[in-house]
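User: I'd like to go through the labels on this one and see what each rests on. Can you set the values against the cut-offs for me?

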Amino acid sequence: MTAKIKKILIATDGSEKVKNAVHWGIKLARENGANVTALYVLTPTGFLHSMRGDMWVKEYFNYLREEGKKAIEHVVDIGLHEEVKVDAIIIKDKKPVDAIIDFATENDIDLIVMGTQGKTGVERALLGSVAENVVRYAKKPVLVIPSSESKEAAPIKETPFNAAGF
């Protein structure tokens, strides 16, 4: 079986745990001649209005937007270094799982690349991780890469896609 990967979506939250996934996604794009879209999601802040008020929510939203810009710029910078064009998208007021899946479906993405989210305990039991839910509900292939801190993370240069002929 031969898979043609021409459009890769790299979902980022800007955290250290996602950086290994960014490198993998960019490397796969370079090796396959694929286009990359870096996606950051600004989650809804509606519930905060009743708790904190408009000014606080506005400042928090601005903070999140700046964090999103930094996260996207990181992916774009890695792409430039590897000579891969990266389009940057920030989606606001959507849950991350929905935003990732909807964007991938609407834009005919061939592969979603994302890092593990690292939720544990009660939070994970109640909510699940973003990566877990994207894998569960996406109609597109999803490649979940452990953080570089994880003992399971293989060096980026050893991609299984090379050996399989993708």
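User: Why is Tyr63 called partly exposed?

Analyst: Tyr63 has a relative accessible area of 47%. Buried means under 20%, exposed means over 50%, and partly exposed is what sits in between (1.4 Å probe, protein chains only). So 47% puts Tyr63 in the partly exposed class. Bear in mind that this is a predicted model, where local features need pLDDT of at least 70, side-chain atom pairs count only at pLDDT 80 or more, and totals for chains, interfaces and linings use all residues. Residues are numbered from 1 along each chain as its sequence is written, and side-chain values use heavy atoms, with hydrogens and water left out.

User: What makes the nonpolar surface patch there?

Analyst: Trp56, Tyr60 and Tyr63 make it, with an area of about 300 Å². Patch members need over 30% relative accessible area and no salt bridge; nonpolar side chains (Val, Leu, Ile, Met, Phe, Trp, Tyr) are joined within 5 Å, like charges within 9 Å. Tyr63 lies in helix H3, residues 54-81; helices are DSSP runs of H or I with at least four residues, strands are E runs of at least two, and both are numbered from the N terminus.

User: How do you know that Lys27 and Glu31 form a salt bridge?

Analyst: Their closest N and O atoms are 3.3 Å apart. A salt bridge needs a side-chain nitrogen of Lys or Arg within 4 Å of a carboxyl oxygen of Asp or Glu, so this pair qualifies. The two are four residues apart in helix H1 (residues 19-32), about one helical turn. An α-helix has 3.6 residues a turn, so residues three or four places apart point the same way.

User: Is Lys27 buried or exposed?

Analyst: Buried: its relative accessible area is 16%, which falls under the 20% limit. Glu31, at 30%, counts as partly exposed.

User: What makes Glu66 and Lys69 a salt bridge?

Analyst: Here the closest N and O atoms are 3.5 Å apart, within the 4 Å cut-off. Glu66 and Lys69 are three residues apart in H3, again about one helical turn. Glu66 is partly exposed at 39%, and Lys69 is partly exposed at 37%.

User: Which residues of H4 are buried, and what covers them?

Analyst: In helix H4 (residues 96-106), Val97, Ala99, Ile100, Ile101, Phe103 and Ala104 are buried. Their cover includes strands E1 (7-11), E2 (35-42), E3 (86-92) and E4 (111-115), plus helix H6; contact here means heavy atoms within 4.5 Å.

Notes. Accessible areas come from the Shrake-Rupley method with a 1.4 Å probe; for residues, only the protein chains shown count as cover.
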